[in-house]
Amino acid sequence: MSVKAIYPGTFDPITFGHIDIIKRAATLFGQVEILVAAYTSKDTLFSLEDRIALARQAVAEIDNVVVKELSGLLTEYARANQVQVVVRGLRMISDFDIEFQMALTNRKLYPCLETVFLTPNEKYIYLSASIVRELGKLHAQLDEFVPKFVAESLYRKFAR
Ligand code: ADP
């Protein structure tokens, strides 16, 4: 049986850390849907359309991965689409509290959904989209952190 997994997030913008998790998930599950959150408590730098477009470009070559918008509650999406697994990335201990709380809350809302935590290659454990945005603002070198087209979009946002 092919298991479908979802990987939700803000992806503002997608980074090599996210992509590392996506590649690991794609080897474990039959299909992986990246769900780009339309509503987020954070103010995003990129519009929903841009966050989706950048994520699509980043995973274009991975056969079993698709990118979609998540406009409502994650557990409702999972229920409506018979999704059994939600993938989350765990970087450092600082991610643990919120991820644990979210996993248990989602279980209350939809008990059939299992949260699977994956850890990235250690070179990405300190990497976050917020750091990338800050570096982009200062036109720092981003080769180690995001694909070239993401870096170019960031530089355009912060054109001098
Ligand atoms: P961020 O925390 O970078 O703003 P998101 O809100 O888009 O990213 O997070 C989506 C998921 O991806 C979360 O589970 C988050 O922990 C995970 N994630 C983000 N960056 C990394 C990384 N560098 N390595 C592993 N997982 C990551």
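Mentor: In what follows, helices (H or I, at least four residues) and strands (E, at least two) are DSSP runs, numbered from the N terminus. The model is predicted: local features need pLDDT of at least 70, side-chain atom pairs count only at pLDDT 80 or more, and totals for chains, interfaces and linings use all residues. Residues are numbered from 1 along each chain as its sequence is written, and side-chain values use heavy atoms, with hydrogens and water left out.

Trainee: Where is P13 found, and is the peptide bond from D12 to P13 cis or trans?

Mentor: P13 belongs to the loop between β1 and α1. Omega of the bond that joins D12 to P13 is near 0°.

Mentor: Buried means under 20% relative accessible area, exposed over 50%, and partly exposed in between (1.4 Å probe, protein chains only). Because F11 has a relative accessible area of 2%, this residue counts as buried.

Trainee: What is the relative accessible area of H139?

Mentor: H139 lies in the loop between α5 and α6. Phi of H139 is near 55°, which is positive although the residue is not glycine. H139 is classed as partly exposed because its relative accessible area is 27%.

Trainee: Which residue in β3 is the bridge partner of E33?

Mentor: β2 and β3 also pair in the parallel sense, over six bridges. β2 is mostly covered, with six of its seven residues buried. In β3, E33 has as its bridge partner V66.

Trainee: Of which hand is the β-α-β unit made by β2, α2 and β3?

Mentor: A crossover is right-handed if, with the strands pointing away from the viewer, the path from the first strand over the helix to the second runs clockwise. β1, α1 and β2 make a right-handed unit. The unit of β2, α2 and β3 is right-handed.

Trainee: Which residues is V65 in contact with, leaving aside its neighbours within four places in sequence?

Mentor: Contact means heavy atoms within 4.5 Å. With those sequence neighbours left aside, the contacts of V65 are I22, A26, V32, I34 and V59.

Trainee: At which residue does α4 bend?

Mentor: Helix α4 (residues 93-109) has 17 residues and reaches 25 Å from its first C-alpha to its last, close to the 24 Å expected at 1.5 Å a residue; the expected span is 1.5 Å times one less than the number of residues. D95, E99, A103 and N106 are buried in α4. A bend is the angle between axes fitted to the seven residues ending at a residue and the seven starting there. In α4 the bend is about 25°, at E99.

Conventions
Two strands pair if DSSP finds at least two bridges between them.
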